[in-house]
Amino acid sequence: MITLVTVKIDRVVKRFGEIVALKGVSLEIKHGELFTLLGPSGCGKTTLLRIIAGLEYPDEGRVYFDGSDVTDLKTYERGAVLVFQNYALWPHMTVYENIAYGLKIRKIPRDEIKERVKRALELVKLEGYEDRYPTQLSGGQQQRVALARALAVQPKLLLLDEPLSNLDAKLRIEMRSEIKRIQRELDITVIYVTHDQEEAMALSDRVAVMNFGVIEQVGTPREIYQRPKTKFVADFMGKNNILPAKILEIKNGRATLEVLGHRISGIPAENILGDYSDLYFSIRPEKVSLTPFEGAQAFEGRVDLVEYYGFFVEIVIKIKDVFFFVRVPDLKEPLKQGDNIKVYFNPRDVILLQE
Amino acid sequence: MNTKMATVVKKVRHRKILENIFGIPHFDLFAIVSYVIPLAYIFIFLIVPLAEMLKIAFTYNGAFSLHWFKSIFSQEFYISPKPQGSLYVDTPQYIYVEGLDFGVILNSLIVAMFVTLLATLIGVTLAYVMYRYTFPGKSIFRVLLIVPLLMTPFVNAYVVKLIFRENGIFNWILHDLIGILPKPIRIDGLVGVMIAQAIAYYPIVYLNTYASFVNIDPSLEEQAENLGSRGFKLLRTITLPLALPGIAAGATLTFIFSLEDLGAPIAFHSASIAKKLITYQIYDKFLSETGYRSPEIAALAIILLALSLLAFALIRKYVSLRQYAMMSKGGRWYVRTVKPKWWQYVIIYTIVLPLVLFTITPQIGVILLAFSKEWSRTPYPRGFTLQHISQIALDPSVRRYVINSITYAFTAILIIVVISVMASYVSNRFRGVLSPIVEALTVFPLAVPGIVIAIGYFYFFASITPKTSVLNPLSVSFNPGPILIIAYSIRRMPFTARSIYAGIQQVHASLEEAAMNLGSTRWRAVMGILVPLIAMNVLGGAMLSFVYAMSETSVSITIGSLEMSKAPMTAYMRDLIVSAAGSAHMAAALGFILIAVQISAIILSTIITKQRYAFIGIT
Ligand SMILES: Nc1ncnc2c1ncn2[C@@H]1O[C@H](COP(=O)(O)OP(=O)(O)OP(=O)(O)O)[C@@H](O)[C@H]1O
Ligand SMILES: [Mg+2]
């Protein structure tokens, strides 16, 4: 009954007056994939999702489902169900009526509607809320009703616009596992919008990182985390140390740099992404250690702050007026502000990026 | 020690009482005055006169009795479930339609219901077309749709009567020119009243509904479409239900306005069935029994009031229950418009456009009548003349009516603004027992038919003022001016009060609180911070109240007519419309003056407040 959907977005441009919300976006989303659009507020995620849903018409470019052009199809002809960022619950209908609406449109028999509404409410943990009106629900409950309403129709393509943004941390984590489970179970394609990189990493098969209407990088969470292609991606995906750098020489496929007055050598040339001018040195805080090891490079600075997070300790180090972050599992001996400190890293973990 | 404790306890108790009643934590003269003045004003000039009337209506032989009501309900003249007359009369020259006579009370109800139905149908359709579709000429529609809002008491209904005569323009087009009608149809009586009222009041439904549509969060419709809903189904399940509060508000106002209207029955009074409406009966008896406190009139007025209050109470309950605070978050507001399909174009240009044009014919007719010499036997007026207009400007005996009206209306507006600001401020900012009462009282006059206020005032002022006072309607030296000013200020208060209330709601209380926290008094904070911020709302509301005061009829033609030298223009217009045919031109010229005042007010408030147009609504 349910057919899988591939989505292809081909050089889509969308302008709102002066603002160019999407500047030629191309993407391919595979069958049964949980694909995430990740980016800061205002980067065009909602706009792209609305174009896929058929609620917005692109100024340029086309949208294909399963290889056929759907750009000119109306939203009610596409079957790509969208969960709105602002929930869009109908205030004149109860929770039950809201969820049943799409099923009635699809002419599902009454008994089955009852059954499906019940199941949808179970999935979002809102059993017993059938007769409430949306105004009688909290923000998080409203959001879950919106999710249930979309799930109930079992769409072949589900579009979620920050569907968990209003839930508390614990419920958010539970619900995102639930979404993942539902997606597996129903074997549907899901496009998920979020500005929370942690959520994107935890949930997605693949992620597209957007910035100012442009897709900066597409890949698995691991690829994006470990080999960000741009400074923006490196910065946006988790904590990172990004420092201006200058290449001094490249010999035998190894580069030597100058970073904050330190000479750093042994960086693999394949870690240099982009051309060789205006480069940034980047290394993840957890790739830095307080103990020296074979082949390590080092920075020297002074301890500025020590913050205890539980499963790691973050040490903020000041190197020539620039903050440098280090995350280690634990401290063997206490550190004081102003202590001189030397930190070590493997040059293979360094990535050189361009603006 | 003990007495000290007692005074502390007493103080705490006093403070609690203050907080419960007024919703203010400390004694605050300005706040209490702002409660007391509106409450006292509305109480004395609305509640007491109504109570006086209640007393008269429920007294028989000096004791409480339902006698007058029983008598009314037992007369066939008032209620006759078996109708008199026939749907139409087929005369040799034309078909005559005037409606069936179910007795005065049922007639009023039936007319009001039909008018509401018709006005709602037209108003909602137009609102939907204007909300949903973009089409060439839409901005012309938008302008045309303001025209039926222009009020010209008596004359607009008179023009409707002219249009539907056997030789009027309606039959001229449909019978003589196109020939769809095999025989001319002459519409008069109750049916005429119905048509005149429906085209005068449908803009109220239109504007309320349109505002509701525009306020629908676009994502609510988008979500439904996204789930597969479209076309009529979308309209029926999402769009219309969401606009229902606005539609219901407009429909109820129309019902009340139709019930209380005196202009159309007077314009159609030559067909005696048009007189069989509650308002006309009260008016007629008032004229013939002046000087006598008739319990029968009072009882009739109470019945009219009860019907109107019932409608009002239902809508207030319903609308406040269903007030969908649109729960938008992060959504972008825009109005979802689409291009019509070909058949929708056809409907827009062949049905909707002629309908709109038809509904502005009264106003066009008034202007034609004002500038023509003769319009009785021909479908269209003949002979252009400036005589009527120039007579208003030059003849002091005519000019004074215009000056009287402007003076009374303007003075009333000053009262309205002061009271509305106070009342809206306290009902909006404080949560005491009195706050919702003050709020409700400022809207309440909407539900009280004008003729009921007129009769109430007549009894009230006749009984509380000395026999020879200028305020006593029975005295020879009676001056209706002060009473008219009070009547206008009460009747037209809701428009300004609602507008100001909405304005204050937009301004967060913390703005004044910050000023008070920095050492300003409440008075200074309100005057210096709040009032400037809501100036546009004050102005918009005052404008609306002003034009509605200028065209007030019920009190003007009853109490105002008692001394014609001090009468307002609507009283004179009534005299003209009921006298010989030729004087309708003069009435129309006065109507033209009213139109000019209203257009100036609309233009002025559009320029100053930058709103598209102010309008009436209960929210
Ligand atoms: N209808 C519109 N009219 C004008 N500008 C718009 C419209 N829709 C979107 N924009 C603009 O396009 C840009 C992208 O908006 P979009 O809603 O797609 O961002 P987003 O990534 O979803 O942001 P957020 O995370 O805050 O939801 C923004 O600059 C926004 O202001
Ligand atoms: Mg968004």
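These notebook entries record what I looked up in a predicted model with chains A and B.

**Conventions.** I noted that residues are numbered from 1 along each chain as its sequence is written, and that chains are lettered from A and ligands numbered from 1 in the order in which they are written. Because the model is predicted, local features need pLDDT of at least 70 and side-chain atom pairs count only at pLDDT 80 or more, while totals for chains, interfaces and linings use all residues; side-chain values use heavy atoms, with hydrogens and water left out.

**Chain A, overall.** I looked up the secondary structure and found nine helices and 20 strands in chain A; helices (H or I, at least four residues) and strands (E, at least two) are DSSP runs, numbered from the N terminus. The C-alpha atoms of chain A fill a box of roughly 70 × 45 × 35 Å along the principal axes. Of the 355 residues in chain A, 53% are buried; buried means under 20% relative accessible area, exposed over 50%, and partly exposed in between (1.4 Å probe, protein chains only). Chain A exposes about 16,600 Å², with 48% supplied by carbon and sulfur atoms; these areas come from the Shrake-Rupley method with a 1.4 Å probe, and for residues only the protein chains shown count as cover. Among contacts in chain A with a separation of 6 or more, 65% join residues 24 or more positions apart; contact means heavy atoms within 4.5 Å.

I then looked at charge. Chain A carries 50 positive and 50 negative side chains, and the centres of the two sets lie 1 Å apart. Lys and Arg count as positive and Asp and Glu as negative, without His and the chain ends; each charge is placed at NZ of Lys, CZ of Arg, CG of Asp or CD of Glu.

**Magnesium site.** I looked up the donors of the magnesium ion (ligand 2) and found Thr46(A) (OG1) and Gln85(A) (OE1), at 1.8 to 2.3 Å. Thr46(A) lies in helix α1 (residues 45-53) and Gln85(A) in the loop between β6 (80-83) and α3 (95-105) of chain A, so the pair ties together parts that are 39 residues apart in sequence. Donors are N, O and S atoms within 2.8 Å of the metal (3.2 Å for Na, K and Ca); water is not among the atoms, so sites may look incomplete. Thr46(A) counts as buried at 18% relative accessibility, whereas Gln85(A), at 26%, counts as partly exposed.

**Chain B, overall.** I recorded 27 helices and seven strands for chain B. Its C-alpha trace spans about 100 × 70 × 55 Å along the principal axes. In chain B, 56% of the 619 residues are buried. The accessible surface of chain B is about 26,500 Å², of which 68% belongs to carbon and sulfur atoms. Chain B has 48 positive and 27 negative side chains, with the centres of the two sets 9 Å apart.

I found Thr558(B) in helix α25 (residues 554-558). Thr558(B) is buried, with a relative accessible area of 1%, and touches Tyr283(B), Phe286(B), Ile451(B) and Ala454(B), not counting residues up to four places away in sequence. I found His26(B) in the loop between α1 (2-22) and α2 (29-57); at 49% relative accessibility, His26(B) counts as partly exposed. Neighbours within four places aside, His26(B) is in contact with Arg15(B) and Leu18(B).
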